[in-house]
Amino acid sequence: MRESTLAPFEKALPAFTEVQSPYDGRVVGAVALTAPEAMETIFETARAGAVQARGMSRHTRGKLLDSAAMLMDARAEDFAGTISAESGKTIRQARKEVLRAVNTLRLSAAEARRNAGETIPFDSYEGSEDRIGWYSREPLGIIAAITPYNDPLNLVAHKVGPAIAGGNAVILKPSALTPLSAQMLADVLTEAGLPHGVLTVVHGGRDVAEAIVRNRDIRMVSFTGGFSTGEAIARTAGLKKLSMDLGGNAPVIVMEDADIAATVEACVSGAFWAAGQNCVGAQRLLVAETVYSEFRRRFLDETSRLVAGDPAAESTDVGPMITSAAVEHLQAKIDAAVSAGAVVLAGNIRNGNVLEPTVLENVPMGSELWNEEVFGPVVLLQPFSTFDEAVDLANAVDFSLHAGIFTRSLGTALEAAGRIDAGGVMINDSSDYRFDGMPFGGSKYGSMGREGVRFAYEEMTQPKVVCIKRRDGGV
């Protein structure tokens with residue numbers, strides 16, 4: 001699972017904290033930490049900001065978000081450099097994250113303008129023929145957004161953009177490991193005209209996060225991160241809306257009629273993008289035994305061509321994991337699986353925080369490596385004999401965001417889509433495909449609520465009904 005965004009700081013905090021590169025440890029920036037005693041002032045600011053946000057017209061919200069998207073696009077290389085420096089994401093992958101974040105803000109702008117509610121056919125019910133009306137979508141008030149390190153810009157945009165589009169104020173706590181990209185986003189929103197108090201960024205430890213989550217003025221907590229932290233938030237939050245992405249363990253089924261070359265290319269990318277620190281990354285590749293040998297050979301060959309190392313280099317495909325503790329935790333899981341019979345086919349070689357792309361087979365199904373989100377550059381190969389067996393294997397874990405299947409049979413693809421327990425099933429695509437306008441979330445323990453701009457907007461607003469009874473001579 002992802003490292004907790006609530007846990008890194010348990011002791012007294014200094015006024016500032018340095019942000020270090022996960023690749024070489026150099027200091028790439030610093031942020032001012034929020035003192036617990038400052039929280040009441042922050043809540044007062046957010047309360048005033050919520051009044052400001054609610055008073056902005058839909059045109060104003062949309063124009064502001066479009067302007068921020070334009071500013072981000074113009075500074076895309078600066079944003080990409082910051083993402084790469086603080087998270088270890090390769091510079092090519094960081095550029096793609098910036099493009100996605102620009103689109104997320106533009107989608108949010110469109111949502112602000114169009115998703116205002118709809119009319120209600122009161123006269124469809126006998127006895128209400130003299131009534132007309134509608135419902136509108138109204139802001140909740142103040143949204144708390146707690147974000148992870150793996151997509152430090154776009155996952156922030158996915159919470160902040162829809163919240164502003166809906167007329168809310170936001171208190172944002174980005175990951176302590178990657179706060180710089182979030183601060184840059186806040187700066188462009190301010191430059192675009194966002195009123196003071198509508199977005200407040202806080203940096204700090206567990207006490208700050210708990211104070212935000214517990215506060216009665218917070219009407220919704222939107223969290224992306226680890227399962228244990230999600231449980232802690234749920235216990236602390238009290239009666240307020242919760243939206244959570246708590247991770248996944250994505251299966252990808254490869255049927256015997258799949259285009260093996262195209263499937264391998266997609267699955268290698270899906271497994272090792274962002275050093276595998278991707279909640280929808282391809283983790284368990286379930287391959288029909290009739291094509292398993294060919295798939296295995298091609299997959300290992302394609303994996304061997306990946307370049308792991310300095311994320312700033314244009315040639316690098318796989319950068320570092322976020323911390324040395326994350327690498328050690330994952331390698332301990334690999335060692336336990338190997339001790340129980342798993343075989344390492346490639347990788348499991350460490351150079352600092354860079355773990356070479358790692359491929360295993362014969363991984364015991366009772367192991368942590370099989371059952372939990374690995375959140376690193378590790379993929380498991382597993383043959384199956386029947387389609388039913390593949391579906392059972394796909395469903396045999398507790399965390400389920402996305403899944404994938406490769407096949408030329410439309411019937412097989414649609415049956416898999418119906419039977420696999422997941423928030424999304426990608427057909428002839430890796431599990432890690434995501435368009436920022438689609439609903440995003442999972443089933444089982446992987447999710448509460450949905451992200452994706454339109455769907456997050458609806459989570460962050462509430463319907464208000466207006467009903468007019470007509471009378472003779474006037475309303």
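Helix H2 (residues 58–74) and helix H6 (residues 180–191) pack at about 125 degrees with their axes 8 Å apart, where axes are lines fitted to C-alpha atoms, for helices over the stretch in contact, and angles run from 0 to 180 degrees between N-to-C directions. I read off the residues in contact (heavy atoms within 4.5 Å): Leu64, Leu65, Ala68, Leu71 and Met72 come from H2, and Leu185, Val188, Leu189 and Glu191 from H6.

The model is predicted, local features need pLDDT of at least 70, side-chain atom pairs count only at pLDDT 80 or more, and totals for chains, interfaces and linings use all residues. Residues are numbered from 1 along each chain as its sequence is written, and side-chain values use heavy atoms, with hydrogens and water left out.

Next I turned to the open sheet of seven strands, which has mixed pairing and the order E12-E15-E16-E11-E10-E18-E19; helices (H or I, at least four residues) and strands (E, at least two) are DSSP runs numbered from the N terminus. Strands E12 (343–346) and E19 (424–427) are the edges, each pairing on one side only, and two strands pair if DSSP finds at least two bridges between them. I noted that E10 (residues 250–254) and E11 (residues 282–288) pair in the parallel sense over five bridges, and that Pro251 has Arg284 in E11 as its bridge partner.
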